[in-house]
Amino acid sequence: MIRRLGFRALFAMAAAVATVAGSIVLRLREPGSETARPAPGYLWERGTLGEVVRLSMGVTGFFGLGAGTIFVFLPTFAESLGVRTLALFYTAYALAAIGVRVLGGRFIDTHGRRAVIVPSMLVQTIATGLLAVMGFSSPGRARRPWCPCCSWRASCRVARTGSSIRGSPRSFTDQTPAERRGVVVGIFSSVFLTGQTTGAFVFGYITHGIGYAFMWTLLTSLLFAGFALSLKLDRA
């Protein structure tokens with residue numbers, strides 16, 4: 001569509017799809033609930049800020065850090081290697097996303113949250129390490145394995161994202177009273193977005209100062225710390 005009709009047509013179609021989705025959401029009606037409504041008051045009065053220092057929130061922060069850094073800098077990193085398009089990456093990402101969402105939900109429910117979060121954190125660390133290896137390779141050699149590595153990287157990225165984005169909030173909402181789950185999920189989203197924004201800003205300066213290869217290496221080290229942190233999650 002971009003090549004034939006341009007970006008205006010693309011964004012017009014995206015706006016139309018969003019409008020259709022919005023019209024469907026407006027028709028939804030929330031069923032009646034016997035759950036008590038959340039108590040009014042400030043966050044610190046309800047003890048909500050204490051949720052931020054929980055172990056699962058720390059894992060979420062690392063998750064957001066990796067997500068923000070990868071999606072912001074992968075296109076420019078590919079350009080530095082002489083790659084003209086990331087179509088293969090996004091195609092693999094979309095296909096893997098469908099597969100994880102269709103097949104992964106039941107696995108989380110039957111095997112537990114930790115059984116999904118820990119392996120996905122490890123896979124993400126290994127996949128980011130692959131980007132570091134490619135960064136240290138010479139540009140002439142890096143272009144040749146880019147396509148298969150890009151597809152594998154996208155699949156690993158989705159496997160980790162799809163699993164962690166479902167397993168992480170469930171790991172602490174399982175132990176949260178029903179009337180407070182909305183607040184806790186909101187905090188989860190805030191912690192994730194904080195990590196995502198931090199990665200986009202901070203690693204931009206790091207990349208400018210020491211280059212992509214060392215930046216990916218540093219990110220891999222941080223994600224490994226997140227993986228080590230996830231090992232301490234409750235086994236229940």
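1. In this predicted model, Phe 224 has a relative accessibility of 47% and therefore counts as partly exposed, since that value falls between the limits of 20% and 50%. Phe 227, by contrast, is buried, with a relative accessible area of 12%.

2. Phe 224 and Phe 227 both belong to helix H9, where they are 3 residues apart, or about one helical turn. Their ring centres lie 5.8 Å apart with the planes at 45°, so this pair is described as tilted.

3. The whole structure contains 6 aromatic pairs. One of them joins Phe 136 and Phe 214 in an edge-to-face arrangement, with 5.1 Å from centre to centre and 85° between the planes. Because Phe 136 lies in helix H5 and Phe 214 in helix H9, this pair ties together parts that are 78 residues apart in sequence. Phe 214 is partly exposed, at 47% relative accessible area.

4. Phe 77, Tyr 212 and Trp 216 make up one aromatic cluster.

5. The largest nonpolar core comprises 19 residues, and those with the most contacts inside it include Phe 77, Phe 203 and Trp 216. At least two residues of this core come from each of helices H3 (55-80), H5 (114-136), H8 (181-210) and H9 (212-230). The greatest contribution is that of H3, with 6 residues. Another core, of 6 residues, lies apart from this one; Val 59, Val 118, Met 121 and Leu 233 are among its members.

6. Beyond its neighbours within four places in sequence, Phe 203 is in contact with several residues, including Leu 65, Phe 73, Met 215 and Leu 219.

How values were computed:
Residues are numbered from 1 along each chain as its sequence is written. This is a predicted model: local features need pLDDT of at least 70, side-chain atom pairs count only at pLDDT 80 or more; totals for chains, interfaces and linings use all residues. Side-chain values use heavy atoms; hydrogens and water are left out. A nonpolar core is a set of buried Ala, Val, Leu, Ile, Met, Phe, Trp, Tyr and Cys residues joined through side-chain atoms within 4.5 Å. Buried means under 20% relative accessible area, exposed over 50%, partly exposed in between (1.4 Å probe, protein chains only). Helices (H or I, at least four residues) and strands (E, at least two) are DSSP runs, numbered from the N terminus. Contact means heavy atoms within 4.5 Å. Rings of Phe, Tyr and Trp (its six-membered ring) pair if their centres lie within 6.5 Å; planes under 30 degrees apart count as stacked, over 60 as edge-to-face and the rest as tilted.
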